[in-house]
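This report looks at cores and helix packing in one protein model. The sequence and structure come first.

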Amino acid sequence: MHRREFSQAAAAMAALVSMGPQRSAWAAMPGAGSSTVAMGTNLSGMEWARPGLRYGLSSEPNIHFSVPRAAEVAYLAACGYRKNRLPIQWELLQPMLHDTPADSAAQAAIGKPGAFHTRYESYITGVLDAHAAAGIQCIVDCHNSCRYQDFRFQGDGAVSGLTVPPNALMRPYTTDKSQVQERIFSLAPGATLTQSNFNDFWTRVATKWQGHPGLAGYGLMNEPHDMPRPGEIVESTDGEDLTIWPAYAKAAIKAIRAVDAATPIYVGGNGWGSAMGIATLNPGFPLAGHNLIYEVHLYLDASSNGRVFDLDTEVAKGYSAGFGRGSIHALTGLDRLRPATDWAKAKGVRVALTEVGMPIDDMRWHEMFKPVVSHAIKSDCEVYSWMGGNHWPIRNYAINHVPGWHQNKTLEPAVSGVMKAAAGLAQATLFDDGPAFSLAGIALTITVYARGFLARPVTLTVAANGKGTLSKSRLTIPAGANGQTTFSYTPAANEVALLSYRSDGQPSDSGQLAGQVPPPRKIFSLTDPVAYADTSLTDAALAIIARYSACKWVMADGYTDYVLGAPAAAGQAVRAIADSGYGSSPGNAMEMLIWINTEGKAMGNRTLPLMRENSGTKSIKNTDHTAPDAFGFWCKKSAPEPGVQPRPLNRVPYNLDDAHFVIAALSVAAKNNSGVVFQASKAEEGYASELGLSNGQPQAKWVDAKGRTALLTSTAQLPINRPAVLAFTSAPGAQSLRVNAAEVARSSATFPRGVYAQLLLGGGFRNYYPQAGFRGNLYAVITGKGAPSAAELAVLEKYLGRLAGLA
């Protein structure tokens with residue numbers, strides 16, 4: 001199975017970051033009839049620094065790789081997952097192999113031969129500590145595919161071009177790319193990565209973490225593949241020696257057992273750990289030893305590689321990995337898993353599905369995924385989904401197990417509902433989404449949905465205080481994973497209607513729902529929202545926001561976390577802000593999150609914005625981004641790719657070439673601030689739409705893929721410590737910058753296609769690297785697709801000004 005890889009160039013040294021397959025594992029959770037089979041997710045993130053490591057600045061935490069947070073581990077435990085898998089990178093933990101003939105300068109820069117990197121070692125310990133604190137465990141997985149990316153050491157032990165970066169969080173690198181080599185396992189004389197190297201690594205790992213209450217096992221090696229031919233020492237895609245990996249695995253097991261006699265050892269197999277090949281591609285399997293668990297991987301697409309998500313394209317290929325000719329179908333995943341579970345049963349050994357994924361954008365993938373997990377549970381096969389980590393390139397990837405944030409509640413990933421259903425773990429959260437603006441007599445369809453697993457149907461009552469009509473007042477969400485139902489509301493003329501939900505409160509629902517329902521929802525059919533501002537500024541603004549299906553983030557709604565969080569009080573850090581506008585839809589919550597890890601100095605100096613509360617006659621909350629290294633809020637989405645995911649649900653509402661607008665209420669405490677207030681962009685590219693400050697002057701900027709820029713700048717600086725409302729509009733041939741409801745600059749640029757995949761507040765991220773925020777205080781932001789009239793913009797600007805405390 002070919003694994004998914006992404007190439008990325010970091011801004012500083014064109015460093016590349018690769019992403020391997022990552023799925024999520026699962027554990028039993030509180031609930032009726034919960035399974036005893038361990039399940040969880042792959043906490044991907046710590047293995048991402050390759051391939052740029054050693055010849056580029058591809059080694060800074062939170063940028064080039066990411067460490068799971070304790071709060072996310074606790075959340076997984078609260079969901080019932082008992083065990084997770086932590087992919088790590090061999091080179092980051094052991095930056096110099098134990099037998100390296102390095103000179104003193106190289107050792108001073110890189111580390112002593114064989115020694116673990118203190119900071120990276122502390123990251124692993126922290127993750128294990130978090131699991132132990134949550135009462136669950138974690139597998140430490142060497143995610144290197146039998147390879148090790150190393151420097152080339154000269155005869156005198158030196159490394160040509162060796163450079164130590166001034167940032168202590170980054171690793172030494174060489175300026176000469178030719179001085180980096182990829183070592184690989186081999187049984188031939190002259191092997192560049194020996195059994196002695198591998199045994200030393202695992203001896204040190206076992207010595208360091210044996211007996212840790214958070215340790216679930218040692219994952220020997222992720223996805224061995226394309227090993228050298230017999231007698232050779234370089235990788236081969238044709239005629240590999242299948243005896244190499246079993247020999248290394250056997251020796252490493254012996255080395256671990258010399259230190260730790262009891263902890264489970266997870267043993268993958270040749271052929272990318274394919275479930276279809278565990279019995280045929282690994283001479284000598286099963287190996288001698290006790291408490292060995294054989295890990296296998298599979299995905300649902302035609303090639304079983306987890307990197308394509310358009311079902312129709314995959315079916316049309318007429319091919320299915322493991323079976324040859326013939327299209328994938330509803331039971332393809334099950335058919336791929338059965339060879340592994342049948343082999344394990346025949347051999348009397350245990351098996352774990354440590355990587356498997358479910359694309360989120362097409363329910364047909366969900367139906368394919370269900371029998372895989374159900375069969376695994378029935379076969380006593382552990383299940384770990386791909387991918388549950390928070391590294392920025394994989395946030396909201398088409399296969400993921402990361403929690404989101406919607407309607408001020410944690411939004412459980414869709415894959416978790418299917419896994420819980422297979423294990424009988426009843427727990428879910430309810431949401432609703434749909435349009436909110438219509439002309440009189442035109443029905444609006446609202447979807448009410450569960451995220452998680454409902455063991456029994458749930459009935460709600462919906463009521464409307466308007467003069468319009470509901471298609472039904474009694475709603476039933478069916479039992480099962482991620483169930484949903486719809487209803488419609490047909491508004492009367494020129495009204496603001498409020499829809500509210502009530503639970504029937506069945507005693508049987510208390511465990512799976514705890515009585516919670518979606519929040520009230522306003523519906524607008526105003527013939528003239530602008531004129532309605534004289535009656536209610538708030539409802540007039542919300543009607544305009546609904547008309548454009550725009551997003552609205554109010555900083556006063558900030559929560560301390562998007563998992564296990566609470567409303568942020570003054571002085572507390574803020575990590576989550578829900579869209580309180582109308583930009584979200586089922587499968588596409590327009591959340592604003594901060595998922596970076598700030599647990600200790602080992603993660604760097606980046607800080608979180610703090611909730612502030614202005615003193616005076618009005619109590620106005622805002623988020624404080626004034627610290628030099630304050631991180632901003634991030635809404636990370638997917639970009640369409642032909643043949644891969646042409647129509648992703650997780651989408652930014654507009655692109656560079658579309659008509660779009662943004663309005664922000666903010667203040668600054670210094671005169672000459674510069675930086676980003678709002679950005680729409682794609683993390684891996686340079687094009688963007690930005691609202692920000694330059695030397696204290698409001699500025700709007702649009703940059704296309706070729707670097708062509710339209711720049712609008714106000715001639716006046718913002719006054720200090722006084723809220724202001726900044727806005728820009730952009731349409732083909734017309735851009736405008738507004739300050740406090742007055743246009744101050746315009747241009748007439750037209751931009752080519754530029755697909756956006758993220759929105760950010762209080763900072764930016766382009767060309768793989770973060771951009772500095774404006775270092776001020778943020779009150780609220782609105783953005784959407786389309787071209788509001790000047791009168792509509794004036795209503796929205798006045799509304800945001802009021803949220804910021806302006807008269």
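The model is predicted: local features need pLDDT of at least 70, side-chain atom pairs count only at pLDDT 80 or more, and totals for chains, interfaces and linings use all residues. Residues are numbered from 1 along each chain as its sequence is written, and side-chain values use heavy atoms, with hydrogens and water left out.

A nonpolar core is a set of buried Ala, Val, Leu, Ile, Met, Phe, Trp, Tyr and Cys residues joined through side-chain atoms within 4.5 Å; buried means under 20% relative accessible area with a 1.4 Å probe, protein chains only.

| Core | Residues in core | Named members |
|---|---|---|
| Largest | 169 residues | Phe 185 and Trp 245, with the most contacts inside it |

Contact means heavy atoms within 4.5 Å. Beyond four places in sequence, the residues that Trp 245 touches include Phe 185, Phe 198, Pro 224 and Asn 282.

Helices are DSSP runs (H or I, at least four residues), numbered from the N terminus. Helix H10 (residues 414-423) has eight of its 10 residues buried, so it is largely enclosed by the rest of the structure. Lys 420 is one of these buried residues. Just after H10, Gly 424 takes a positive phi of about 70 degrees.

The axes of H5 (residues 195-209) and H6 (residues 244-257) come within 9 Å and cross at roughly 35 degrees; axes are lines fitted to C-alpha atoms over the stretch in contact, with angles from 0 to 180 degrees between N-to-C directions. Residues meeting across this pair include Phe 198 and Trp 202 in H5, and Trp 245 and Tyr 248 in H6.

Note on methods
Buried < 20%, exposed > 50% of the residue type's maximum accessible area, 1.4 Å probe, protein only. Helix = DSSP H or I, 4+ residues; strand = E, 2+ residues; numbered from the N terminus.
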